[in-house]
Amino acid sequence: MTSHGVIMSRSTSIILRSIHRAATHRQSQYHIISTKTTCNGHRSVQQHLHGRSLQRTFASQNCPSEQRPTLFSLPNLAQPTDFLQLSRIAIEECDFIRKALASSLQSTHDQNVPIQESISQAKRTLHQLDDISNLVCTVIDACELCRSVHASPEWRRAASDAFGTLSEYIGALNADDRLYLSLRRWVFHDIDEDGGNKITDNGGKHSNRGVLQHLAPEYRRMADAMRREFERDGIHLSYNQREDARELNNVIVGLESLFSANITEKTKLYDVTGESMVGEVNRIVPRHILGQLVRSTNGQATMNCNRSSLTLSTDALLTNTLLAHSPSPQLRKEVYMQANTSIPENLNVLDSLIRHRHLHSTLLGYKSYAHRVLSDRMVGSPEKVEEFLSNMEKRCRAVYEKEMVVLLDAKRYVEGSASEIEPWDVPFYTSFVKSQRQHLRWKEDMNWADGDDDHESSQFSGYFTMENSIEGMKVLVQDLFGIQMVEANIPIEERWDVDLAKLPGGGHHDCSSEGGGLRKFTFHHEEEGPLGTMYFDMHPREGKFVHAAHFTIRCGRIRNNDETNATSNNYQLPIVALVCNLSPSSSPDPSSATVLSHSEVETLFHEFGHGLHSLLSRTSFQHLSGTRAAMDYVETPSHWMETYARDPSFLSKVLAKHYITGLPMSDRRARHLALSHVDFRGIEVQTQIVHSRFDQALFGEKPCSPSLGGCTSTEVFGRLHQEAGVPYAAGTHWHSRFGHLVTYGAGYYGYLYSQTFAADIWAKAASTSNSATTETVRQGGMKIWKEMLIHGGAKDPKEMLVAVLGREPSVDAFFDELSRE
């Protein structure tokens with residue numbers, strides 16, 4: 001199953017609806033989207049704050065040359081203790097805005113006030129609420145990234161402490177009815193100065209829209225979104241109930257953090273014995289790479305190494321490599337069982353998380369956590385999720401069963417008699433059969449001619465490097481959007497891939513070689529101007545988040561209200577980080593090229609799609625910026641961008657060049673690579689369906705928690721696999737490492753959901769086939785930017801998809817590709 005990153009962006013609520021991180025992990029309840037403000041917010045507040053305003057401080061980051069180098073390019077973040085200081089200042093500034101909004105509730109409203117003044121008040125209120133979100137996200141997003149990736153334990157601890165402080169404060173914000181009443185009074189105009197209803201809601205719909213109808217569509221969407229989020233998070237409850245909800249939420253955040261930390265920090269060491277298995281490992285994994293991946297809890301290399309015994313670890317990269325390339329069923333089984341029983345403590349953490357999420361959601365008036373989560377998604381309800389998954393399974397079933405027969409035949413061919421496919425067989429035999437098919441396709445290709453070089457004809461290795469991938473991204477953004485992507489130097493103070501305390505004399509870290517350490521790129525458009533900054537943190541290291549994810553360090557936003565104009569000087573440029581754990585260089589020489597697998601390139605382009613979504617959005621509110629959109633839509637741009645990594649034309653012309661010869665991949669080889677993506681796609685989709693159903697079962701009306709009278713998560717996980725005919729090993733608990741249960745809890749189906757949209761967009765508007773011209777490629781790219789990416793979450797996803805496609809979305813393109821041979 002493809003397990004692309006996570007959008008780091010969480011969402012615990014209202015004011016910060018989006019901290020959710022992308023595809024793989026992100027565990028917590030915010031939306032890891034970050035923010036910083038670049039406009040002069042509310043003058044009365046700023047006058048009180050004098051020179052200490054974070055709003056003004058972060059505004060200056062549009063001119064980074066004026067600032068001394070700091071971590072993540074964020075002002076005043078020069079040492080670990082600065083996190084708590086920035087948290088304190090953010091809370092102080094938010095409290096000033098809260099007091100200003102509370103004071104506004106005391107004023108008497110003149111029914112004869114001019115409509116323009118009411119419009120101005122409504123816009124000002126929405127911007128004040130967004131300022132609060134912006135201030136808190138500014139710091140908590142930096143905390144989230146730092147605690148997930150920084151090489152220094154001191155920095156990680158400081159970021160975690162500040163994260164906890166702000167998490168509790170967010171709970172207080174979500175329970176502050178003065179913020180909600182300000183929204184009701186000045187934007188919806190459905191309560192009076194005493195807080196009483198002017199009107200009676202009809203079926204949950206606001207029958208008097210007041211001044212709202214005079215606001216621009218983005219302002220109306222912001223207002224509706226914030227009201228729904230306030231009410232979804234229990235602002236309607238009594239004070240005591242809100243306090244109970246806040247306490248439950250604090251527990252939930254702690255459990256999410258613990259579940260994630262266990263995945264990141266708990267690496268199990270184990271020994272494989274016997275000369276055959278030791279020799280097999282040595283054949284597959286170079287010894288110097290093995291030394292990087294097998295480390296003790298203190299970060300030191302720990303290798304019991306002789307001819308008959310070898311120490312391995314449950315590191316994901318090592319595990320996946322051995323499972324995919326070892327023909328030894330004994331070694332594969334040992335590796336699989338060790339990896340999928342490595343974090344047993346997360347089973348209890350998960351049970352407690354399920355219980356507290358359910359209690360929290362029912363307290364807020366929902367049938368379940370799933371009902372609460374899906375209330376603001378495109379799909380709308382758990383029932384609609386099951387309808388979608390059932391339809392997907394029905395259309396996928398025949399392909400899946402055919403592919404499983406092929407794997408079993410291959411296993412019998414290699415191992416002799418075999419009655420079934422075990423879970424540790426799937427990676428090896430899919431790789432084995434793909435290789436055979438690639439060779440046959442090469443031989444049977446209609447363009448085959450005597451004398452053609454069939455050297456390594458079935459192989460694609462060596463054609464993908466870190467540098468080629470980045471150059472491909474540069475070409476792609478230029479061709480699609482007319483954007484320049486330029487690499488920038490990174491001062492040592494700005495880096496997080498080194499622990500300065502461990503450098504002799506605080507010396508500088510050389511990371512100029514390809515694939516080494518951290519890289520930074522700025523993006524610029526001739527007409528739009530500067531677009532933002534993107535960091536690339538590509539390779540594994542001790543203490544780093546173990547999956548792939550897009551982190552927003554700072555969201556973009558335009559302040560366009562009565563007091564400012566929408567100029568470049570008041571636009572907050574976004575900063576994002578793409579975090580992956582790609583293969584390190586296979587050579588001890590740091591200047592050598594970093595050769596990547598094709599699946600790693602797909603992961604990289606997937607995360608790049610998230611990054612572009614953040615950089616290319618242009619919204620008035622950070623709350624609606626970039627990836628802060630419906631979670632079952634937000635993967636659409638990333639899956640669309642990922643498709644370029646397997647597009648034959650883009651592969652042969654731009655992306656794939658052999659790291660030794662420099663020669664591009666031939667057209668024929670590129671076509672075969674594209675076809676290989678479809679091989680065993682049915683197994684991948686069926687597995688995603690099972691995991692999506694498991695996710696729904698955990699958090700549905702009858703949650704899978706013994707403490708709530710239900711079955712254990714492991715029992716349900718096994719049952720769903722058996723019902724679907726997907727291989728499962730008794731005694732394992734793969735889901736104890738399933739980080740999406742935190743980041744995408746009750747929403748994992750969204751990956752498949754958005755893949756259907758991305759396939760539709762690709763088939764309709766984005767293909768770079770040989771028939772496409774430079775002009776049509778640019779037209780297609782600009783349509784996707786201006787009709788979809790630019791809006792972030794400020795427009796209904798369905799409307800954006802229809803604008804790009806020219807019709808209602810369809811799943812047909814997804815299944816057309818699935819059935820292609």
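Predicted model: local features only at pLDDT ≥ 70, side-chain atom pairs only at ≥ 80, totals over all residues.
A residue counts as buried when its relative accessible area is under 20%. E602, with a relative accessible area of 10%, is therefore buried.

**Stop 1: E602 and R646**

Select E602 together with R646. The two form a salt bridge, and their closest N and O atoms are 2.7 Å apart. This pair links distant parts of the chain: E602 is in helix α18, while R646 is in the loop between α19 (636-643) and α20 (648-655), 44 residues apart. R646 has 11% relative accessibility, so this residue counts as buried.

**Stop 2: H613**

Stay in helix α18, which covers residues 598-616, and select H613. Is H613 buried or exposed? Its relative accessible area is 0%, so H613 is buried. Now show what surrounds the residue. Leaving aside neighbours within four places in sequence, H613 is in contact with G626, T627, Y633, V634, P637, L789 and G792. Pick G626 from that list. The backbone oxygen of G626 is 3.4 Å from a polar atom of the H613 side chain.

**Stop 3**

How many salt bridges does the structure hold? There are 44.

Begin with E243 and R246, whose side chains meet in a salt bridge at 2.8 Å, N to O. Both belong to helix α8 (residues 239-265), and because they are three residues apart there, about one helical turn separates them. E243 has 21% relative accessibility and so counts as partly exposed.

Next, select R332 and E415. These form a salt bridge with the closest N and O atoms 3.2 Å apart. R332 is in helix α12 (residues 329-339) and E415 is in helix α15 (residues 382-415), so the pair ties together parts 83 residues apart in sequence. R332 is buried, with a relative accessible area of 1%, whereas E415 is partly exposed at 31%.

Finally, select R232, D233, R372, D376 and R377 as one group. Salt bridges link these residues in a network.

**Stop 4: aromatic pairs**

Turn to the rings. A pair of aromatic rings is described by the distance of the centres and the angle of the planes. The count of aromatic pairs comes to 32. For one of these, select F388 and Y753: the ring centres are 5.0 Å apart and the planes stand at 85°, so the pair is edge-to-face. F388 lies in helix α15 and Y753 in helix α25 (residues 750-766), so this pair ties together parts that are 365 residues apart in sequence. F388 counts as buried at 10% relative accessibility, and Y753 is buried with a relative accessible area of 14%.

Then select Y748 and Y751. Their rings form a tilted pair, 5.4 Å centre to centre, with 55° between the planes. Y748 is buried, with a relative accessible area of 2%. Y751 is buried too, with a relative accessible area of 5%.

**Stop 5: charges over rings**

Select K123 and Y219. The charged end of K123 sits over the Y219 ring, 5.3 Å from the ring centre. Then select R147 and F163, where the charged end of R147 sits over the F163 ring, 3.8 Å from the centre.

**Stop 6: the nonpolar cores**

Which residues have the most contacts inside the largest nonpolar core? They are F481, F523, F536, F608 and W640, in a core of 122 residues. Helix α15 gives the most to this core, with ten residues. A second, separate core has 63 residues, among them V139, F163, L173 and M222. F163 in this second core is the residue whose ring lies under the charged end of R147.

**Stop 7: I761 and L805**

End in helix α25, at I761. I761 is buried, with a relative accessible area of 0%. I761 and L805 are 44 residues apart in sequence, and the C-alpha to C-alpha distance in space is 6.4 Å.

Conventions. Residues numbered from 1 in each chain as written. Heavy atoms only, no water. Helix = DSSP H or I, 4+ residues; strand = E, 2+ residues; numbered from the N terminus. Buried < 20%, exposed > 50% of the residue type's maximum accessible area, 1.4 Å probe, protein only. Polar contact = N/O pair within 3.5 Å; in protein donor to acceptor, adjacent residues only side chain to side chain. Contact = heavy atoms within 4.5 Å. Salt bridge = Lys/Arg side-chain N within 4 Å of Asp/Glu carboxyl O. Phe/Tyr/Trp six-rings, centres within 6.5 Å; stacked < 30°, edge-to-face > 60°. Lys NZ or Arg CZ within 6 Å of the ring centre and 35° of its normal. Core = buried A, V, L, I, M, F, W, Y, C linked by side-chain atoms within 4.5 Å.
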